[in-house]
Amino acid sequence: MSDNNVQIFDTTLRDGEQVPGCKLNTNQKLIIAEQLENLGVDIIEAGFPVSSPGDFKSVEEIAKLIKNTTVCGLTRAVENDIKVAAEALKYAKFPRIHTGIGTSASHIKYKFNSNQDAILQRAYDAVKFAKSFVEDVEFYAEDAGRTDNEFLARVCEMAIKAGATVLNIPDTTGYCLPSEYGAKIKYLKENVKGIEKAILSCHCHNDLGLATANSIEGVINGARQIECTINGIGERAGNTALEEVVMVLKQHPYLNLDTNIKTQHLYGISQLVSDSMGIYTQPNKAIVGANAFAHSSGIHQDGMIKNRGTYEIINPKDVGVTESAIVLTARSGRAALAYRAKNVGYELTKLQLDEVYINFLNFADMKKEVNDKDIHQIIETSKVYKQIISA
């Protein structure tokens, strides 16, 4: 892997599926997994095999289906979890076991009623045991965002010593500021003995709306894997949105960080995941929301009609959206009305447009959005209709 390549670890089928009421059956998971591979993700976290027979079956079937992408199963730092994951992954061409334990003072005290030395030993033992089944082992330090950096570095060293190939540094509660998370990754990069043997990975949650920013700061500071989900779905406020981090890196080439994602498939897979899980994607969602490339303000519409780059930094076709939308509302101006009228067959002079626009505003004040059928009605009921059709 080149040093400027950022691997995309998709956990839609594991962390994403933890959203209440969004359970997928095996067939749905297989369809999504296949599309994730087509999208170009590097790793698919297919599930948590020990959690239920259904999840075990899904991971096993995905492992059989996927040919070019690493298939990963989650475990706790528990021998039986790891055994079960290894069994579920036995058909995978590129299997990965993802194991780990909480490392923050809060987790050590309240979740495990333990101490730092015991946690270090459990981390080592879990990775060592997982390594007896697969070569590719990822270790997660749960709640790393709130873990003291010096202790976190010691945990990472133990995981590397046991054979970990990837170190996951989760901001589990979405607490970190981007500067803090970036500094944490930088600290580990500079202070963990043997760090060159492993890839640092960002796994950020969105409780404060900072998941994308934190993940980008992570890779700027040396991480080379981002863990994310389609549409940013996941526990509580969700995970880092795959489509967001991928497009941030694509739109900022000076960062010299690339992914293998075929971005023209982003909108399609967004719709697939939304429909399969029954989760409504907010209209103003970055990259894949219904309004991400829609313009209704008259000032914006005028600029867009003159040159798309005035208000759009992404070509919609780059993410699989056919074209931008000029949406007519009471906030729209003459330029937008003329543009939409031309699209349905009317070439209006300036004087005709002025007259039709008066009619349009009266109509638009009564409707949230003016569609093509309405445009015909607006023009047909204007004083200059005969003049327009006779031109």
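**Close-ups of a predicted model**

View 1. Strand S4 (95-102), strand S5 (136-142) and strand S6 (166-171) each bring at least two residues to the lining of the largest pocket. S4 gives the most, with four residues. (Strands are DSSP runs of E, at least two residues, and helices are runs of H or I, at least four, numbered from the N terminus.) A pocket here is an open set of points on a 1 Å grid over the protein atoms alone, where a 1.4 Å probe fits, with protein on both sides within 12 Å along at least five of seven lines; lining residues have an atom within 4 Å of a point.

Before going on: this is a predicted model, where local features need pLDDT of at least 70 and side-chain atom pairs count only at pLDDT 80 or more, while totals for chains, interfaces and linings use all residues. Residues are numbered from 1 along each chain as its sequence is written, and side-chain values use heavy atoms, leaving out hydrogens and water.

**View 2. Who sits around the centre of the largest pocket?** Of its 24 lining residues, Arg14, Leu74, Lys111, Tyr140 and Glu142 lie nearest the centre. The lining splits into eight nonpolar, eight polar and eight charged residues. (Nonpolar covers Ala, Val, Leu, Ile, Met, Phe, Trp, Tyr, Cys and Pro; charged covers Asp, Glu, Lys and Arg; the others, Gly among them, are polar.)

**View 3. Here is the second largest pocket.** Asn231, Gly232, Ala237, Gln282 and Lys285 lie nearest its centre, out of 21 lining residues. Seven of the lining residues are nonpolar, eleven polar and three charged.

**View 4. Now for the largest nonpolar core.** It has 88 residues, and Leu36, Leu39, Phe139, Leu167, Ile169 and Leu242 have the most contacts inside it. Helix H6 (residues 149-162) gives the most to this core, with eight residues. Apart from it lies another core of 21 residues, including Ala330 and Val370. (A nonpolar core is a set of buried Ala, Val, Leu, Ile, Met, Phe, Trp, Tyr and Cys residues joined through side-chain atoms within 4.5 Å; buried means under 20% relative accessible area with a 1.4 Å probe, protein chains only.)

**View 5. Zoom in on helix H9 (residues 242-251).** Its buried residues are Leu242, Glu243, Val245, Val246, Met247 and Leu249. They pack against strand S1 (7-10), helix H1 (26-39), helix H8 (211-220), strand S8 (225-228) and helix H10 (266-277). Leu242 touches Ile8, Asp10 and Leu39, among others, not counting residues up to four places away in sequence. (Contact means heavy atoms within 4.5 Å.)

Definitions and conventions
Buried < 20%, exposed > 50% of the residue type's maximum accessible area, 1.4 Å probe, protein only.
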